[in-house]
Amino acid sequence: MDSEDTVTVRCTGVAARAVEAEMPAEFWPTIEEQLAGFVAVGPPNSAENAWSVALSVKTDKTRPTGAHYGDYDDTLIWREIDGERRVVRLAADASSPYTSIHVVRNIRTLLRLDVAQYDASALFLHAGMFAWRGHGVAVVGNKRSGKTSTVLAAAAAGADFVSNDDLSLHRGPGGLVGQGWPRSVSVRLDTLGPLGLTLPADITHPANRHRTDARLLMPQEISRMTRCRIVPAAPLKAVLFPSFTGDEKCTLRRLDEEETAERLLANLLTPPVKDDDLSARFAPPPEEQLADRVRHLAAVVPAFSLHQSLTALGLRAELAGVLDRVVTAP
């Protein structure tokens, strides 16, 4: 703590990449809770070329410098990027309910971009992950493919929650490891009934006031809803590509390397964040390097297509049997 009113911390992600963050002390407990497990926090110790996020809170009516930041008019946050000093400055109106969320978003964005540039094994996928009996299962797919429903159903059936979106894969001592990131999960309301789930009380994301057909849940709220544990990372054992079917059957099909690689390439996140202003300040790996990493993944990890209905996903004993087959496949 630099002073009575300000907290400065070092946020460390995978591959020991770090971002410093400075904020008024009153915001730190909420930010720390949202980072917990996914990002290690320690005393400031800037590495060479490390970026930082600096938050200030305005209480008067003057307009801050920088561009309005966030998806909604009531966000009341402005952002200014100082590329020369490697600082992202956030100015928040004192009445903004989004302040902590957007500090975490910028920390996550900078860490992901930094890891993508410097970790020679990193792959960023439009994917979630759960850990079934200690084995990480990546659930890869675009919107409306059933990715979130599959992750939630597995969590309700006894799996640990790692990530719902923006999964990254990295080389570990025993093989590839899937890493989750601190972010909210968009849950469609029409999926809850068939999955046998109900929203937890007191969900906190302020953007829910703008949503009618879905809600944003923080990982801790996912844990309460499904009664699962949250684990920030898991060794990758298998890859699932879900899709919905009109009947009640749940069909699992093993994919060959070529089809697996093709589907993975279609779900690569390049760049790994939806932030053009910050992405432009980092050097992404060449596409051929990413393709080589995808081909390696397809060669060493079994992959399956999973055709399912929402009702079938809600049958937890049957889903558990399918997941047992997935994690025991040679």
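Me: What volume does the largest cavity have?

Reply: This is a predicted model, in which local features need pLDDT of at least 70 and side-chain atom pairs count only at pLDDT 80 or more, while totals for chains, interfaces and linings use all residues. Residues are numbered from 1 along each chain as its sequence is written, and side-chain values use heavy atoms, with hydrogens and water left out. A cavity is a set of points, on a 1 Å grid over the protein atoms alone, where a 1.4 Å probe fits but cannot get out, and a volume is the space filled by probe spheres set on the points, which are joined across faces, edges and corners. The count comes to one cavity of 30 Å³ or more, and the volume of the largest cavity is about 50 Å³.

Me: Which strand gives the largest share of the lining of the largest cavity?

Reply: Lining residues have an atom within 4 Å of a point, and among them here are Phe-38, Trp-181, Arg-183 and Pro-219. Strands are DSSP runs (E, at least two residues) numbered from the N terminus. The largest share, three residues, comes from strand S11 (residues 160-163).

Me: Is Leu-268 buried or exposed?

Reply: Leu-268 touches Leu-123, Phe-124, Leu-125, Leu-290 and Val-294, leaving aside residues up to four places away in sequence, where contact means heavy atoms within 4.5 Å. Its relative accessibility is 17%, and the limits are under 20% relative accessible area for buried, over 50% for exposed and partly exposed in between (1.4 Å probe, protein chains only). Leu-268 therefore counts as buried.

Key:
On a 1 Å grid over the protein atoms alone, a cavity is a set of points where a 1.4 Å probe fits but cannot get out, and a pocket is an open set with protein on both sides within 12 Å along at least five of seven lines; lining residues have an atom within 4 Å of a point. Helices (H or I, at least four residues) and strands (E, at least two) are DSSP runs, numbered from the N terminus.
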